[in-house]
Amino acid sequence: MLKAEKIDYSYGDHEILHGVDLLVEDGEFVSIMGESGSGKSTLLSILAGNLRPASGRVLLGGRDLSAMSERELARLRCTEIGFVYQEFHLIPTLRAAENILLPNYLARGDAKEGKKKMAELAERMSISHVLSSFPEEMSGGECQRVAIARALLYSPSILLMDEPTGNLDSVATEKVMTLLSELNRELSLTMIQVTHSELTAQYGTRIVHFGDGRILSDEVVR
Ligand SMILES: Nc1ncnc2c1ncn2[C@@H]1O[C@H](COP(=O)(O)OP(=O)(O)OP(=O)(O)O)[C@@H](O)[C@H]1O
Ligand SMILES: [Mg+2]
């Protein structure tokens with residue numbers, strides 16, 4: 001369970017988030033929609049422990065992120081919170097397999113176990129054929145599936161995604177979204193995506209409309 005309580009955030013004197021409350025139960029797939037500049041990415045960064053709120057707190061499985069040190073947060077982001085970006089954020093000098101294994105290097109995990117999990121995920125994501133390719137040799141959809149596999153290497157309790165299909169064409173978008181909704185249903189993987197598209201929002205089980213740093217509506221759709 002992820003719980004955000006009364007989150008406020010400002011950049012300088014520009015107030016971005018105003019007392020945001022959000023409770024995401026295990027197994028939910030939440031789509032957050034809202035105008036550009038309304039604070040969606042800022043909220044996602046706070047939920048991921050990348051930014052600390054000015055006030056309020058974030059609880060992940062009962063643990064308070066605001067009480068954690070930078071070191072503890074870094075470990076949490078490596079092993080418990082998966083994050084996927086619009087621009088993939090793969091390391092260009094590493095092959096797909098090495099990109100997926102990155103959290104394992106960072107958390108100094110068991111190499112053999114990491115490789116086994118990586119191969120399983122690659123199979124699940126239909127990217128086994130690109131494991132020895134560099135990011136520039138892959139399609140956008142393949143890059144994003146590699147980035148999702150990387151985010152899932154440690155079986156995180158939640159997957160946070162900021163416009164995961166924003167850079168993909170409609171065919172690649174459908175493939176990625178279908179995969180995500182299968183992961184949500186089959187593994188009960190809890191997910192939050194930010195999206196500008198009504199179509200991709202519909203893959204979620206719940207749609208939250210966000211505006212001017214506040215939640216405007218919140219509806220369970222499935
Ligand atoms: N590092 C920063 N420093 C100062 N202002 C920032 C910073 N990052 C974002 N902002 C401002 O905060 C506001 C919210 O930004 P945010 O990126 O959260 O919006 P968003 O809802 O994700 O928008 P988009 O849909 O365009 O991605 C915007 O007005 C933006 O200009
Ligand atoms: Mg954004």
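Helices here are DSSP runs of H or I with at least four residues, and strands are DSSP runs of E with at least two, both numbered from the N terminus. I start with that because much of what follows is told element by element. What I am showing is a predicted model, in which local features need pLDDT of at least 70 and side-chain atom pairs count only at pLDDT 80 or more, while totals for chains, interfaces and linings use all residues. Residues are numbered from 1 along each chain as its sequence is written, chains are lettered from A and ligands numbered from 1 in the order in which they are written, and side-chain values use heavy atoms, with hydrogens and water left out.

Let me begin with the ligand. Around ligand 1 there are 13 residues, of which the closest are Ser36, Gly37, Lys40, Thr42 and His196; a residue counts as near when one of its heavy atoms lies within 4 Å of the molecule. Which element gives the largest share of that shell? It is H1, with 3 residues, and both strand E2 (14-24) and helix H1 (40-47) supply at least two residues each. Sorted by class, the shell has 2 nonpolar, 8 polar and 3 charged residues, where Ala, Val, Leu, Ile, Met, Phe, Trp, Tyr, Cys and Pro are taken as nonpolar, Asp, Glu, Lys and Arg as charged, and the others, Gly among them, as polar.

Turning to individual atoms, a polar side-chain atom of Ser36 lies 2.5 Å from an oxygen atom of ligand 1, and a backbone N or O atom of Gly37 lies 2.8 Å from an oxygen atom of the ligand. On Tyr11, a polar side-chain atom lies 3.4 Å from a nitrogen atom of ligand 1. The protein covers 59% of the 630 Å² of accessible area that ligand 1 has on its own, with areas from the Shrake-Rupley method and a 1.4 Å probe, only the protein chains shown counting as cover for residues.

The buried residues in H1 are Lys40, Thr42, Leu43, Leu44, Ser45, Ile46 and Leu47. Just after H1, Gly49 takes a positive phi of about 75 degrees. A polar atom of the Ser38 side chain lies 2.6 Å from the backbone oxygen of Glu35.

Next, the charged pairs. Side chains of opposite charge can pair when their charged atoms come close. The structure holds 11 salt bridges, each being a side-chain nitrogen of Lys or Arg within 4 Å of a carboxyl oxygen of Asp or Glu. In one of them, the side chains of Glu5 and Arg57 meet at 2.8 Å, N to O; this pair links distant parts of the chain, with Glu5 in strand E1 (residues 2-11) and Arg57 in strand E4 (residues 55-60), 52 residues apart. Glu5 is partly exposed at 21% relative accessibility, as is Arg57 at 33%, and a network of salt bridges links Lys3, Glu5, Arg57 and Asp64.

A second salt bridge joins Glu186 and Arg124, with the closest N and O atoms 3.0 Å apart. Because Glu186 lies in helix H6 (residues 170-187) and Arg124 in helix H4 (residues 111-124), the pair ties together parts that are 62 residues apart in sequence. Here Glu186 is exposed, at 53%, whereas Arg124 is partly exposed, at 29%.

Arg206 and Asp218 form another salt bridge, their closest N and O atoms being 2.8 Å apart; Arg206 belongs to strand E9 (residues 206-211) and Asp218 to strand E10 (residues 214-220), 12 residues apart. Arg206 is buried at 7% relative accessibility, while Asp218 is partly exposed at 40%.

Finally, the cysteines. How many disulfides does the structure hold? There are 0, a disulfide being a pair of cysteine sulfur atoms within 2.5 Å. Cys78 is buried at a relative accessible area of 18%, and Cys143 is buried at 6%.

Note on methods
Buried < 20%, exposed > 50% of the residue type's maximum accessible area, 1.4 Å probe, protein only. Polar contact = N/O pair within 3.5 Å; in protein donor to acceptor, adjacent residues only side chain to side chain.
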